[in-house]
Each structure stands twice: as C-alpha cells, then as structure tokens.
Amino acid sequence: MTTTQTSVVHDLGTLAHRLSHPARTPCVCEPPQVLADRPDGTVVRSGAIVAKAHAADTDREALAARIALAAAPQLAGILLPPLPAPAPAAPTARPVTLWPLGAPVDHTDPGAAPWAEAADLLARLHRTKPPFPLPPMRGPAKAARAVARMRAALRVDATAVSCGTGDAATLSGDAAAPPRDPAALSVLAGWRALPAWARGEVPAPVRGGSLCHGDLHLGQLVRHPAPDGPWLLIDVDDAGMGEPAWDLGRPAAWYAAGLLATEDWSTFLDAYRSAGGPAVPADGDPWPALDVPARALTVQTAAVALAKCAAEQRDPDEHEQLMIESCARIATLPPELATGPAS
C-alpha cells in the first residue's frame, strides 16, 4: 500500500470512527476495517458506519445526483440510503460518502444466494420513474475501462481489434508478429464484436431508457438493518438512465458460461418477470434482449481477470478461464443478435 493509500484509509477510518463512536464515552471500538481498496473506491468500516472514498476523477456533479437518488423516498426499500456527510474543511482529492453498515451475501453458502430478491429489487428499480434528471448509466463505460485496464496490464497492441474471425497474425495487427497473449486477443475479439453502444462509444439506442443500477452482482446486495433486515442494493456509482437489460447481463453471462446453475438462473429470471421487470419479455425467449449485455459483461469479466492475473503473476483460475473461453466463442458467433439494441 502506498503512502497516499495509507493516508486515505487512515482518514476514512478516523471519519467513520468519529461518527460511529458515542461522544464522551470510553473507546473500546475495534480498529477500522478496510473492506475494499481499489483505484475506483476505498471503503473502510468502523462500527456501524462505512466510509467510501470514490475515484479521484469522479464526476462530482453526477455522483451527487446518484447519492441523492439513493436518498430519494421513491427508492426506499430498493437502494440503501446514504448517511449525511459532514462538510469537509477543505476540498478533498477524492469525494467521500457515508453509509450504514449492512450484512453482505454469504459467499460461502451459494445455496443461500438471494437471486429472487436481487431480481425483484432490479425489477422495482427499473419500473421506478426517476425523481429528477440523472446521468447515463455507466455500465458500458465500466466495461470499456476493464478492457483498457487489460490492455495496459498486458501491453496488448491496440490494433488487435478484429471481430474474431481472423487468424492470430491478423488479430495482432502485424502479419509477421505473433500475438503477445492469445487469451487477451480472444477478449479483444469478443469486445470488437459488440455494437458501439455496448462499448460506451455512443448512447444506447433506447427511447428514454430505464433507471438502472449499472453494475449488478451479488456483492451489491446487503441486508439492512444487519443482520436480518431486507435486502437492498448498494453502490450507486454507476447508476443512471439506460438499457435495463444491462443489469441482467452479468447473471446471464455466468449462466451462459456454466458458472450459474440452471435453477438459479431460472429463479432469477422468473422473479424478475413476476415483478414486472421491463428488460425482457414477460414470456418466451429472453436472449434477444440479453445477448448484447451478456456478451459485454463476459468480456468485462474476462478482461478484469486477465489484468488481475498479470498483476499477481499467476494463471487464470478455473472460473476466470471459463469466461476467457466464452469470449473466444462469442467472437465467432453470427452477429445478428449483436447488431441492434438489447430491447
């Protein structure tokens, strides 16, 4: 951890402790706990308070709108509301938000994963009329950042952008040079097979769109009040208006890759439909709506995996390898489903 990171963690821990610890009482609190420390967000807990430092390059106006969304009465029971944050004495390098502590999903008990609850929350979110103007959902932009992160980590030539039907020399951009990393080239091939909106290059071709979370996975759910309160969605950093099928894209990608059991996928999809979610038809084949988001989230997941493997100097694990192999497959599929909007 760098000196700057250490300072951020210390300051967040101090802030969270100050707000969670009763004034003028002896302190018997446990030391602050770092829940996450990444460039896009450092999260520290003290007692029942969670403090988050967002990325330094965060659009502060857009973040303020997203935090206000989480606090809006219309989203009560769907999004975890923020806590009031004291005004800083001086401008900070990274914006900070405060949240109540919730109980996360128990990843050691896959059978207890709240797939139905997650789907119901998504459907309710997608059906909610936004209480005020919001920025676009950042899901496609997040996928683009993942691919850029992989390229930087592996020093993949940016000309490796074939749609996946060429040979390795064509993909490398140099007929005389072999690819530096075949796995990365598969990911890039899958990426370039996506329509421009799914790569964050143009707005999604939807009329009006829906209120979206933008980064749905099981880590984005907590019970509040802990430990047995209702499930709520957290982390609104990517929320906004957009294509609601994107929020179903990660579970769909996991299912297509064989990482999510058929019964869990059916539970998720059936619950979403039962709650009136607009991202897929009420019955029939959901894949014309889900194809593009599922492909995009497959690429994003594989790109992040390869970047982590490079940083940690290791080979992909079994689950990461499945997502990488999925990129190679989707890059060779007929493009019909990937030529238009996902709904």
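Colleague: What share of the 343 residues in the chain is buried?

Modeller: This is a predicted model, where local features need pLDDT of at least 70, side-chain atom pairs count only at pLDDT 80 or more, and totals for chains, interfaces and linings use all residues. Residues are numbered from 1 along each chain as its sequence is written, and side-chain values use heavy atoms, leaving out hydrogens and water. Buried means under 20% relative accessible area, exposed over 50%, and partly exposed in between (1.4 Å probe, protein chains only). Of the 343 residues in the chain, the buried ones make up 45%.

Colleague: How many helices and strands does the secondary structure come to?

Modeller: Helices (H or I, at least four residues) and strands (E, at least two) are DSSP runs, numbered from the N terminus. Counted in that way, the chain has ten helices and nine strands.

Colleague: Which strands does E3 pair with?

Modeller: Two strands pair if DSSP finds at least two bridges between them. Strand E3 is joined in the antiparallel sense over six bridges to strand E2 (residues 41-46), with Gly-41 partnered by His-54. E3 also has five antiparallel bridges to strand E4 (residues 96-100), where Ala-51 stands opposite Leu-98.

Colleague: Why is strand E3 (residues 49-54) described as largely enclosed by the rest of the structure?

Modeller: On one side Ile-49, Ala-51 and Ala-53 are buried, and on the other Val-50, Lys-52 and His-54 are buried, which covers both faces. E3 is largely enclosed because its buried residues number six of the six.

Colleague: Which residue in the hairpin of E2 and E3 takes a positive phi?

Modeller: The hairpin has two residues between the strands. The one with a positive phi, near 60°, is Gly-47.

Colleague: Which helices do the buried residues of H8 pack against?

Modeller: Helix H8 covers residues 262-274. Its buried residues are Trp-265, Phe-268, Leu-269, Ala-271, Tyr-272 and Arg-273. They pack against H3, H7 and H9.

Colleague: How far apart are the end C-alpha atoms of helix H10?

Modeller: The expected span of a helix is 1.5 Å times one less than its number of residues. The 13 residues of H10 (residues 318-330) should therefore span 18 Å, and this agrees with an end-to-end C-alpha distance of 19 Å.

Colleague: Within what arc do the buried residues of H10 fall?

Modeller: The buried residues of H10 are Glu-320, Met-323, Ile-324, Ser-326, Cys-327 and Ile-330. Seen down the helix axis they line one face of H10, because they fall within an arc, taken from the directions from the axis to the C-beta atoms, of 150°.

Colleague: Which helices are included in what covers the buried residues of H10?

Modeller: The cover includes three helices given with their residues: H6 (182-192), H7 (249-257) and H9 (287-312).

Notes
Contact means heavy atoms within 4.5 Å.
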